[in-house]
Amino acid sequence: MRSTPLSTPDIQEEALPTDRQEESSEPATSPAVLALVEQADQRRESGDLAGAQSTLERAVQIEPSNARLWLDLAQLRLAQNQPEQAEQLALRAVEHARDNRTLSAAWQLVAKARRAQGDEAGAREAEERAGSESAQRAEGARAA
């Protein structure tokens with residue numbers, strides 16, 4: 001057997017294109033999930049809230065740490081007049097939020113769901129957290 005020495009190829013470094021997705025701390029959403037979200041939006045617009053719900057639930061199974069999916073589901077539950085479930089889903093969005101905007105939106109949705117349940121004090125608390133936790137995360141990001 002004859003062995004041939006391996007040669008290392010010449011590699012030229014190229015600057016990678018900057019992607020807005022990199023700037024966000026949210027992970028990239030898969031094409032399958034994007035398609036499901038679009039399908040859910042179409043179903044919601046046509047009045048098929050149950051179909052939209054099942055479609056979003058499939059998307060959450062694919063990307064359970066996607067806070068925007070939890071927010072979409074929570075908003076759908078509010079539209080279905082299920083504020084208790086909407087609150088729980090919005091709290092899941094709070095757990096998975098990776099940027100201030102999503103975190104604030106999640107707390108605002110918690111407030112809306114609590115208000116729909118007649119919990120005005122809880123709604124005000126959630127609204128305060130929407131502002132204060134966003135501010136805290138921003139401070140932490142600036143300090144890092």
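Okay, so Asn81 sits in the loop between α4 and α5, where helices are DSSP runs of H or I with at least four residues, strands are E runs of at least two, and numbering goes from the N terminus. Asn81 has a positive phi of about 60° although it is not a glycine. Most residues other than glycine have a negative phi. At 65% relative accessibility, Asn81 counts as exposed. On that scale buried is under 20% relative accessible area, exposed is over 50%, and partly exposed lies in between, with a 1.4 Å probe and protein chains only.

Quick caveats. This is a predicted model, where local features need pLDDT of at least 70 and side-chain atom pairs count only at pLDDT 80 or more, while totals for chains, interfaces and linings use all residues. Residues are numbered from 1 along each chain as its sequence is written, and side-chain values use heavy atoms, with hydrogens and water left out.

Now the overall picture. Of the 144 residues in the chain, 34% are buried. The chain exposes about 9700 Å², and carbon and sulfur atoms supply 49% of that; the areas are Shrake-Rupley with a 1.4 Å probe, and for residues, only the protein chains shown count as cover. On contacts, meaning heavy atoms within 4.5 Å: among those in the chain with a separation of 6 or more, 51% are between residues 24 or more positions apart.

Let's go inside. What does the largest nonpolar core look like, and which residues have the most contacts inside it? That core has 32 residues, and the ones with the most contacts inside it are Leu56, Leu69, Ala93, Trp107 and Leu109. By nonpolar core I mean a set of buried Ala, Val, Leu, Ile, Met, Phe, Trp, Tyr and Cys residues joined through side-chain atoms within 4.5 Å. At least two residues of this core come from each of α2 (31-45), α3 (49-62), α4 (67-79), α5 (83-96), α6 (100-116) and α7 (120-143). The largest share, eight residues, comes from α4. Take Leu109: not counting residues up to four places away in sequence, Leu109 touches Leu71, Ala74, Gln75, Leu78 and Ala90.

Next, α5 itself. At 1.5 Å a residue, its 14 residues should span 20 Å, and the end C-alpha atoms are 20 Å apart, which agrees; the expected span is 1.5 Å times one less than the number of residues. Pro83, Ala86, Glu87, Leu89, Ala90, Ala93 and Val94 are buried in α5, and the buried residues of this helix pack against α4 and α6. As a reminder, an α-helix has 3.6 residues a turn, so residues three or four places apart point the same way.

You'll have noticed Glu87 in that list. Its side chain meets that of Arg114 in a salt bridge, 2.8 Å from N to O, where a salt bridge is a side-chain nitrogen of Lys or Arg within 4 Å of a carboxyl oxygen of Asp or Glu. Glu87 lies in helix α5 and Arg114 in helix α6, so the pair ties together parts that are 27 residues apart in sequence. Arg114 is buried too, with a relative accessible area of 13%. The Arg114 side chain also reaches the backbone oxygen of Gly122 at 3.1 Å; polar contacts here are N or O pairs within 3.5 Å, one able to donate a hydrogen and the other to accept it within protein, and residues adjacent in sequence count only if both atoms are side-chain atoms. Leaving aside neighbours within four places in sequence, Arg114 is in contact with Glu87, Asp119, Gly122, Ala123, Glu125 and Ala126.

How many salt bridges does a search of the whole structure find? Seven. One joins Glu120 and Arg115, with the closest N and O atoms 3.0 Å apart. Another pairs Arg115 with Glu127 at 2.9 Å, N to O. Salt bridges that share partners join Arg115, Glu120, Arg124 and Glu127 into one network.

Last stop, Ile62 in helix α3. Ile62 is partly exposed, with a relative accessible area of 45%. Ile62 and Ala32 are 30 residues apart in sequence and 8.5 Å apart in space, C-alpha to C-alpha.
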